[in-house]
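Visitor: I'd like to learn how to read a fold like this one. Could you walk me through a few features?

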Amino acid sequence: MQIPVHTFGFGTDHDSASMHSISETSGGTFSFIETESIIQDAFAQCIGGLLSVVIQDMQVIVTCASSGVQLSAIQAGSYVGNILDDGQKGLVKIGDLYAEEERDFLVHVKLPAFKKPADSTSVNEMKMLNVICSYRDPVSQETIQTRVVELSLQRPEYVSSNEQVICLEVDRQRNRLCTAETIAEARALADRGDLTGAQLVLGIRRRALQASPAAQAGDQLCSSLEAELKQIQDRMASRQLYETSGRAYALSGLSSHSWQRATTRGDSSDSVSLVYGSYQTPTMVDMLMRSQSICPVPQDVISRSLLPSRSFPVPEARPSHQVSDPAMPLPPPAWREPSQRTSELHANTR
């Protein structure tokens, strides 16, 4: 039985890499709390989700419905996705779902060559995939299986240029997954000391997002993703800035996109908070509003930064340098000996 562990990094001196690793391994999320004013909201949002679990041990099974159809890949973020039976079956293990949560995955499919139907008057429609879902009811503990949903595709002999339309929803999800991959790549480069390379890949992805069909159509998610990449770029302007907030900010965003679940990061005062609103559920929002109405945040702590603890020293600023060997190991984190930090771990993680 796997129990999700949700971690919270406070201020500028916590070990964000270890906290993200703990949450990622267990199926939880990592939130970065930069200022005192968002501590309450961070916990209210997380608790609102945990109190609204309506599905457990959920998994989605995709099978090919016609000869020649083959699954080539399933992009599922941090969820376990497997291709089985030589591409004839796909399985995604989702686990728990909160009330009104949704999950989006990209399934890559190979189709056989077009064959003209013998009857020229018939519509050449191909049965492509069958999708079924199973889960456990948290109250009755009964395992429930949904009905089979069939996906068919019309394959006309000729397609005009006006009919060649890109699905904007597919493009949105592709942008989300590509953004998560870029954040992970930039973080790896920055950890190796190559801040210039990290900013370069972030800039390339920003331009690709701006040029995507979904962004050109005015999609709000794409605008928020682009603003998020800009924010991460700014926090990689120097080694000291990256060590104190850039790494934690990037890892919190990566956690949110990979699990498609809301996290708290930074001071939540910028436009990037819109992207995390897309993962918020009504129960999370309700818990946030109840928390704020019962215990409003005092005005004197709205922008007050958290004081450093004594668990981890604030890393000294180091000049950014180019690393030509991608195999070079990452620099060791600035933590104390295990015997010294064990007694202080609880204070640091709150």
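Visitor: Which residue is the bridge partner of G9 in β2?

Guide: Happy to start there, keeping in mind that this is a predicted model. The partner of G9 is F32.

Visitor: Which way do the residues of β2 point?

Guide: In β2 (residues 30–33), F30 and F32 point one way, while S31 and I33 point the other way. All of them are buried.

Visitor: Now the helices. At what angle do the axes of α3 and α6 cross?

Guide: For a helix pair, look at the approach of the axes and then at their angle. Here α3 (residues 168–191) and α6 (residues 220–234) have axes that come within 10 Å and cross at roughly 10°. Angles under 35 degrees count as roughly parallel, so α3 is roughly parallel to α6. On the α3 side the contact is made by R172, N175, R176, T179 and I183, and on the α6 side by L221, C222, L225, E228, L229 and I232. By class, that contact has six nonpolar, two polar and three charged residues.

Visitor: Is Y242 buried or exposed?

Guide: Y242, which lies in helix α7 (residues 239–259), counts as buried because its relative accessibility is 0%. Beyond its neighbours within four places in sequence, Y242 is in contact with several residues, including R187, A190, D191 and L195. The C-alpha atoms of Y242 and I232 are 8.9 Å apart.

Conventions
Residues numbered from 1 in each chain as written. Predicted model: local features only at pLDDT ≥ 70, side-chain atom pairs only at ≥ 80, totals over all residues. Heavy atoms only, no water. Axes fitted to C-alpha atoms, helices over the stretch in contact; angles between N-to-C directions. Helix = DSSP H or I, 4+ residues; strand = E, 2+ residues; numbered from the N terminus. Parallel < 35°, antiparallel > 145°, perpendicular 65-115°, else oblique. Contact = heavy atoms within 4.5 Å. Nonpolar A, V, L, I, M, F, W, Y, C, P; charged D, E, K, R; others polar. Buried < 20%, exposed > 50% of the residue type's maximum accessible area, 1.4 Å probe, protein only. Pairing = 2+ DSSP bridges.
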